[in-house]
Amino acid sequence: MCARAAIPAEKRLAASPVPRTGKNLAAFRRALLRWYDRHRRDLPWRKTCDPYRIWLSEIMLQQTRVAAVLEHYRIFLERFPSVEALAAAPEDAVLTAWSGLGYYRRARMLRQCAQELVQNHGGRFPDRAEALRTLPGIGRYTAAAIASIVFEEPTAVVDGNVERVVQRLQGRDLTDQQIWQQAQSFLNTSRPGDFNQSMMELGATVCLPRDPKCPTCPVRKWCVTEQSRPSANRTITMERRASSPGGTLTPSSSRQVKKEIWCVLNQRDGYIRLVQRPRDSSLMPGMWELPQLSRKPHRTTPSAPWRTFRHSITRTDFTVHVHAGRAAAAKGKWIPVASIVGLPITGLTRKILKAAAII
DNA sequence: GAATCGTGGGA
DNA sequence: TTCCCAAGATT
């Protein structure tokens, strides 16, 4: 738990109507926090109260699994140990450290935010969610997460986990507004940061989307969904809310588009041929990748691809044939292999170069 | 409000 | 293999 900041009394005492008695509510909070204290995962951003590190973890974790974040988090902090270091860095350096994590706009806004903090806030983070919310890349969730975890502001977070947990507890569909309201009413205002994390942790490790582990759930006795389950051996999965008001579970289940592409892994004398995506591209702008062929090669040597990868980007499933050798690659630049580590390359490129033992 | 933005892993 | 995602924010 991090140091408490001075929070106005009216906010601390703000009470929303809840469908439980005060006694039940207190027991619910106690049970969840007790479970969190005993079972929470040991994660690096849970060992610090440094707002810079908490902020970085929250941005990296947006739509991204913990396992994918861990290594990037460590390396990013080595490279940019402070807001000042990040603010002073070239954008490409930040993108390089972000390479492979995806959603690269997060990295650019992270740097913009750092610059704004240095220029307008003396390099310090605002301690209230309302103020944090105005910074680049910080939305409603992230603002509340930083404010509650770092500064102990009693404000609830709602992410995908919390949404699912609240819906299950209630056993019915709620609008976004109702979910935020419910989360706020559940909040333990003595330990808001820990309580928020306990709700998310529950969703991430117990109240899973498809196969919730109800028998081990610390708050099952307050859960309408669990109570209505016909048998402990059966699992209830989240039903889709395709067209319900406030429905946010699954955004249009458009099926994946399949595409086949060919690219060239062209090496010579310690150099490799790479091309930079347009700076104004909506997809991975300014990042480097292997030169692509417009269509399947049929007269090249060798004609068979060196290797084939599968890689999905947003809604497109790519089958990527990588051809090795000296195929003419008019586009791109010769890049020294040794300098690739300092270049923002796409996740696919990283995957291929690793498979080729180049990086 | 809907569309968009990456990736790797598990069921 | 295929599908579904995971600690959202922006436009």
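## Exercises: a cavity and a DNA surface

The largest cavity is lined by 17 residues, with R168, C207, C214, C217 and C223 nearest its centre. The model is predicted: local features need pLDDT of at least 70, side-chain atom pairs count only at pLDDT 80 or more, and totals for chains, interfaces and linings use all residues. Residues are numbered from 1 along each chain as its sequence is written, and side-chain values use heavy atoms, without hydrogens and water.

**Exercise 1.** State which elements give two or more residues to the lining of the largest cavity.

*Solution.* 
1. On a 1 Å grid over the protein atoms alone, a cavity is a set of points where a 1.4 Å probe fits but cannot get out; lining residues have an atom within 4 Å of a point.
2. The elements, taken as DSSP runs (helices H or I, at least four residues; strands E, at least two), are α10 (160-170) and α13 (224-227).
3. α10 gives the largest share, 3 residues.

**Exercise 2.** Find which residues come nearest to DNA strand B, and which of their atoms lie by phosphate oxygens.

*Solution.* 
1. A residue is near the strand if one of its heavy atoms lies within 4 Å of it.
2. Of the 21 residues around DNA strand B, Y103, Y104, M284, R315 and G347 come nearest.
3. A polar contact is a pair of N or O atoms within 3.5 Å. R315 places a polar side-chain atom 2.3 Å from a phosphate oxygen of DNA strand B.

Technical notes. Chains are lettered from A and ligands numbered from 1 in the order in which they are written. A polar contact is a pair of N or O atoms within 3.5 Å; within protein, one must be able to donate a hydrogen and the other to accept it, and residues adjacent in sequence count only if both atoms are side-chain atoms. On a 1 Å grid over the protein atoms alone, a cavity is a set of points where a 1.4 Å probe fits but cannot get out, and a pocket is an open set with protein on both sides within 12 Å along at least five of seven lines; lining residues have an atom within 4 Å of a point.
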